[in-house]
Amino acid sequence: MRDIDALWQRLQAKQKQLHNVHMREQCAADDARFSRYSLQAGELFLDYSKNRIDDEALALMIELVEASGLTERRDAMFAGAKINQTEGRAVLHTALRAGPEARVDVDGCNVVSQVHAELQRIEDFVGAVRAGQLKGASGQAFTDVVNIGIGGSDLGPAMVCEALRPYRGDGPALHFVSNVDPVQMTDTLAGLNPATTLFIIVSKTFTTQETMANAALAQQWLLTAFGSQEQVLQHCVAVTSNPHSAQAQGFAPEQTFLFWDWVGGRYSLWSSVGLSIALALGMDNFRALLAGARETDEHFCEAPLADNMPVILAMLGVWYRNFWSAGSHAVLPYSQRLSRLPAFLQQLDMESNGKQVRMDGRPVACATGPVIWGEPGTNGQHAFYQLLHQGTDLIPCDILFALEGDTDCAAEHRILIANAIAQGEALMCGKTTEQLREELVAAGVEGEQLALLSAHRNFPGNKPSNSLVFKRLSPKALGSLIALYEHKVFCQGVIWGINSFDQWGVELGKQLAKGVLDRLNKATPADSKPASLLDWVVKSR
């Protein structure tokens, strides 16, 4: 701990040294900065040269990573150790994309063989649905699939299905319902035919309130159409780690797809939770998604820390969160297909690292997870980039783009790439007062107006960003990208000394909601003046 404290102090001193150093000056003085601060890892290329760092800062951060015990904890995770100590569980989303030859033992059982057995079940089911061999109660093939889940049972699959829409081929149309607000389910069902609709009900415990409420609405819709519960169940499958609960609700074993308690919800799209992905894209593309993630896993395990992409992103995140007081981090995909990526990463990062207690139960001594947010470029440029460029907060950004688009509109895609590159340059370089004055004087501005406009149009620059580039948004590239962010989040949790794999903060509101719902259902208004919002709502309904 003393080593970490000493490193922390040295990094604080380094931040003070770099505080008044401008990145445009660093770049002008160092022709090799881009080549030194960029790297390729499989499908992904990272340019991190536009950060407020130098070689000494990076070296200190590597020392901090080493002192935190990252490599030991990483190896323990991949080996199946129960590193989620508050829940007594292994953390093995990496085993979900491991090759069939791999072996990872948990409680004496090789979980990789279990994973591949379940993958084969998924492949058989997906093949039958996509070929029209598996039919509904009326004998018609399924044309639409509705995934009912929430959190990790929705965000990951929904994001992937949208991102990889061009790879769907002849697969069924996918719809996602997560919100317990009945409007979402009602609006989704309004455009569907019960005879050709399949429902996937995804819940780890198969008791999640929002999911089970939506499943009940879906089953009532089917019951109205068919008239018997047996026919209803021909249009439903369950995905859960609690098959007994699913079977108690009428789901036969062949209608129930399994995952395991060592699969965290926000890390679960690689498992049978990704059944909707496989149905939408076909099994070959789902396996390519897994292969991309596996490639990043191998890089994370094998690359030296100084050339390790997840480690570099994690270090930079800690650098800005703890030494530059950056409270948020923007994710800016220059890809409409990745419009759901920021929302997916919100859960991945904020549910993982939004913690105030260390692994040993002591309070953390520093800020932990930042707020994650973002929108696709170029939409964001016309919404919130003003804050990024001229606001008073330092907000690090990840700018993502593909070298090739998935349409024939090559000219428009070049415009997209040009904007992605230009925004990174603008954030870094800004515009000097001298440049502004020259432009304004050339335009005929002078006197007080010159001083006024120079102030208002000043771009200070020195705003950090990373650029993540991939050739094309393919299943393999997307798998690599998601795994990259998973490992980044894990590395930051290790540096902060927290458990990134529990989420106790999610539970309290859910527990309290049960009591509130009971009161709403009883609808007994208070006799006297309402003493709380609940009293007022009960009285007003």
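Me: Which residues touch the most other members of the largest nonpolar core in this predicted model?

Reply: Val160, Trp262, Leu275, Trp319, Leu478 and Leu481 do so, in a core of 120 residues. Helix H20 (residues 475-496) gives the largest share of this core, with 13 residues.

Me: What makes Leu481 a contact partner of residues elsewhere in the sequence?

Reply: The criterion is heavy atoms within 4.5 Å. With neighbours within four places in sequence left aside, Leu481 is in contact with Leu44, Leu341, Leu400, Leu468 and Phe470.

Me: Which residues belong to the other core, of 21 residues?

Reply: Among them are Met185, Leu189, Met212 and Cys236. This core lies apart from the largest one.

Me: Why is His93 called buried?

Reply: Buried means under 20% relative accessible area. His93 has a relative accessibility of 3%, and therefore counts as buried. His93 is placed in the loop between H5 and S3. Leaving aside neighbours within four places in sequence, His93 is in contact with Met77, Trp262, Tyr267, Trp270, Glu486 and Phe501.

Me: Why is the pair Glu425 and Lys50 called a salt bridge?

Reply: The rule asks for a side-chain nitrogen of Lys or Arg within 4 Å of a carboxyl oxygen of Asp or Glu. For Glu425 and Lys50 the N to O distance is 3.7 Å, so the pair is a salt bridge. Glu425 lies in helix H17 (residues 410-429), while Lys50 lies in the loop between strand S2 (44-47) and helix H4 (55-67), so the bridge ties together parts that are 375 residues apart in sequence.

Me: Are Glu425 and Lys50 buried, partly exposed or exposed?

Reply: Partly exposed is the class between buried, under 20%, and exposed, over 50%. Glu425 has a relative accessible area of 35% and is therefore partly exposed. Lys50 has a relative accessible area of 10% and is therefore buried.

Me: How do you know that Asp107 and Lys82 form a salt bridge?

Reply: The closest N and O atoms of Asp107 and Lys82 are 3.2 Å apart, and the limit is 4 Å. The pair links distant parts of the chain, 25 residues apart: Asp107 is in the loop between strand S3 (105-106) and strand S4 (109-110), and Lys82 is in the loop between helix H5 (70-79) and S3. Asp107 has a relative accessible area of 67% and is therefore exposed. Lys82, at 43% relative accessibility, counts as partly exposed.

Me: What makes Asp406 and Arg337 a link between separate parts of the sequence?

Reply: The side chains of Asp406 and Arg337 meet in a salt bridge of 3.2 Å, N to O. Asp406 lies in the loop between strand S12 (397-402) and H17, and Arg337 in the loop between strand S10 (328-333) and helix H15 (341-353), so the pair ties together parts that are 69 residues apart in sequence. Asp406 counts as partly exposed at 30% relative accessibility, and Arg337 counts as partly exposed at 24%.

Me: How many salt bridges does the rule give?

Reply: The count comes to 28 salt bridges. A network of salt bridges links Lys14, Asp54 and Glu56.

Me: How do you know that Cys397 is in no disulfide?

Reply: The structure holds zero disulfides. For Cys397, the nearest cysteine sulfur is that of Cys429, 14 Å away, whereas a disulfide requires sulfur atoms within 2.5 Å. At 1% relative accessibility, Cys397 counts as buried. Cys409 is partly exposed, with a relative accessible area of 41%.

Me: Why are S1 and S11 called edge strands?

Reply: Strand S1 (38-41) and strand S11 (371-373) each pair on one side only. They belong to an open sheet of six strands in the order S1-S2-S13-S12-S10-S11, with mixed pairing. From one strand to the next, the twist averages 15 degrees.

Me: What makes S12 and S13 a pair?

Reply: A pair needs at least two bridges. Six bridges join S12 to strand S13 (residues 465-470), and the two run parallel. Ala402 stands opposite Phe470 in S13.

Me: Which helices lie against these strands?

Reply: Helix H14 (residues 309-323) packs on the sheet and touches S1, S2 and S13, its direction making about 35 degrees with that of S2. H20 lies across S2, S10, S12 and S13, and runs at about 150 degrees to S13.

Methods:
Residues numbered from 1 in each chain as written. Predicted model: local features only at pLDDT ≥ 70, side-chain atom pairs only at ≥ 80, totals over all residues. Heavy atoms only, no water. Helix = DSSP H or I, 4+ residues; strand = E, 2+ residues; numbered from the N terminus. Buried < 20%, exposed > 50% of the residue type's maximum accessible area, 1.4 Å probe, protein only. Core = buried A, V, L, I, M, F, W, Y, C linked by side-chain atoms within 4.5 Å. Axes fitted to C-alpha atoms, helices over the stretch in contact; angles between N-to-C directions.
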